[in-house]
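Today I'm opening my notebook on a new structure.

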Amino acid sequence: MRIAIAGGTGTVGAPTVDAVRAAGHDPVVLSRSSGVDLVSGRGLDEALDGVDAVIDTANVSTLSADEATAFFTKASGNLIGAAARAGVRHVVLLSIVGIDRMPHDYYAGKVAQERVVEASPVPWTILRATQFHEFAGQLFERAKLGPLHVAPRARVQPIAASAVAEHLAGLAAGAAQGRTADLAGPREEKLDEMVKAFARHSGTRGWIPSISLPGAQMKGMRAGYALPRPDAVLAGETFAEWLAAHRH
Ligand SMILES: NC(=O)c1ccc[n+]([C@@H]2O[C@H](COP(=O)([O-])OP(=O)(O)OC[C@H]3O[C@@H](n4cnc5c(N)ncnc54)[C@H](OP(=O)(O)O)[C@@H]3O)[C@@H](O)[C@H]2O)c1
């Protein structure tokens with residue numbers, strides 16, 4: 001099968017390209033760096049020629065509900081429109097566990113994106129996954145008060161991006177399922193402890209205080225709204241196993 005991966009150069013998109021190839025399929029990357037802009041539509045029709053299934057892992061870095069909603073509705077809307085024109089048989093969206101329990105900030109955009117996919121004329125599957133193990137390193141870089149690194153508190157059940165990638169590749173090769181069970185890592189973790197463990201692993205010494213970040217999304221994550229439902233599929237390494245196995 002020919003399977004297109006929107007956002008195929010990203011944190012989860014790049015391993016998804018690898019997983020699609022490892023499963024014996026032919027991956028096509030849709031990203032601005034490969035000449036396809038999902039927001040303007042540039043290059044999209046040409047790239048989807050002969051494609052059987054599409055996996056949507058494109059992303060925008062913003063905390064703004066308006067910016068996230070504008071990006072995700074436009075990008076996924078254009079992708080689905082082009083997929084329908086190209087005769088694509090299946091669109092798979094990667095979403096995030098618990099977004100409807102805290103539909104604020106960036107998550108407002110993900111809720112709006114799910115609605116676009118649910119209205120798709122192309123048969124669809126929506127997979128909600130929990131935060132990636134890689135999130136700890138991203139937060140370590142970004143969460144700072146001046147020169148001081150800080151560790152945001154939240155309840156999470158993180159998963160390796162590579163495990164999400166393998167799951168997405170499997171879904172795309174099969175029939176459309178609508179909404180599927182949540183996908184999560186093997187155990188619940190404290191996000192602030194993950195950030196501190198990442199910092200120690202990458203050689204940072206010194207005090208990293210735990211903090212409660214403002215904002216409705218982070219408040220919801222402290223309340224446990226980002227944890228998977230009881231019927232979730234659990235996959236991949238624990239955070240500690242993942243950290244030990246990787247150089248960062
Ligand atoms: N991070 C998490 O913990 C987590 C957990 C569950 C689900 N998710 C979801 O997983 C998805 C991927 O997240 P990520 O962190 O892997 O993303 P990421 O690393 O930020 O990568 C974003 C990708 O989107 C592409 N992209 C951005 N704007 C584009 C545009 N206008 N046209 C075409 N491609 C564009 C980028 O390529 P170019 O820059 O080359 O365009 C890149 O390949 C998101 O939908 C996110 O909500 C994330």
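This is a predicted model: local features need pLDDT of at least 70, side-chain atom pairs count only at pLDDT 80 or more; totals for chains, interfaces and linings use all residues.

**Entry 1: α3 and α4**

I began with helix α3, residues 65-86, and helix α4, residues 105-118. Their axes come within 7 Å and cross at roughly 25°. An angle under 35 degrees counts as roughly parallel, so that's what I wrote down for α3 and α4. I also noted that the crossing is right-handed. Which residues make the contact? From α3 I listed Ala65, Ala68, Thr69, Phe72, Thr73, Ser76, Gly77 and Ile80. From α4 I listed Asp105, Tyr106, Ala108, Gly109, Lys110, Ala112, Gln113, Val116 and Val117. Sorted by class, this contact has nine nonpolar, six polar and two charged residues.

**Entry 2: α1 and α6**

Next I looked up helix α1 (residues 13-22) against helix α6 (residues 161-173). Here the axes are 8 Å apart and the angle is about 45°. The pair is therefore oblique. I found a right-handed crossing for α1 and α6. On the α1 side, the contact uses Pro15, Thr16, Ala19 and Val20. On the α6 side, I jotted down Ala161, Ser162, Ala165, Glu166, Leu168 and Ala169. The classes come out as seven nonpolar, two polar and one charged.

**Entry 3: α5 and α7**

How do α5 and α7 cross? I got roughly 80°, with the axes coming within 9 Å. Helix α7 covers residues 191-201, while α5 is 135-142. Angles of 65 to 115 count as roughly perpendicular, so α5 gets that label relative to α7. Phe135, Ala136, Gly137, Leu139 and Phe140 of α5 touch Leu191, Met194, Val195, Phe198 and Ala199 of α7. I sorted these into nine nonpolar, one polar and no charged.

**Entry 4: the largest pocket**

Last, I went looking for open space. The largest pocket holds about 1,500 Å³. I noted 45 lining residues, and those nearest the centre are Asn59, Val60, Ser61, Tyr106 and Arg142. Tyr106 was already in my notes, as part of the contact that α4 makes with α3. Which elements each supply at least two lining residues? I wrote down β4 (90-96), α4, α5 and α8 (216-222). So how does the lining split by class? It has 21 nonpolar, 17 polar and seven charged residues.

Conventions. Residues are numbered from 1 along each chain as its sequence is written. Side-chain values use heavy atoms; hydrogens and water are left out. Axes are lines fitted to C-alpha atoms, for helices over the stretch in contact, and angles run from 0 to 180 degrees between N-to-C directions. Helices (H or I, at least four residues) and strands (E, at least two) are DSSP runs, numbered from the N terminus. Angles under 35 degrees count as roughly parallel, over 145 as roughly antiparallel, 65 to 115 as roughly perpendicular and the rest as oblique. A crossing is left-handed if the near helix is turned anticlockwise from the far one by less than a right angle, and right-handed if clockwise. Contact means heavy atoms within 4.5 Å. Ala, Val, Leu, Ile, Met, Phe, Trp, Tyr, Cys and Pro count as nonpolar, Asp, Glu, Lys and Arg as charged, and the others, Gly among them, as polar. On a 1 Å grid over the protein atoms alone, a cavity is a set of points where a 1.4 Å probe fits but cannot get out, and a pocket is an open set with protein on both sides within 12 Å along at least five of seven lines; lining residues have an atom within 4 Å of a point. Grid points are joined across faces, edges and corners, and a volume is the space filled by probe spheres set on the points.
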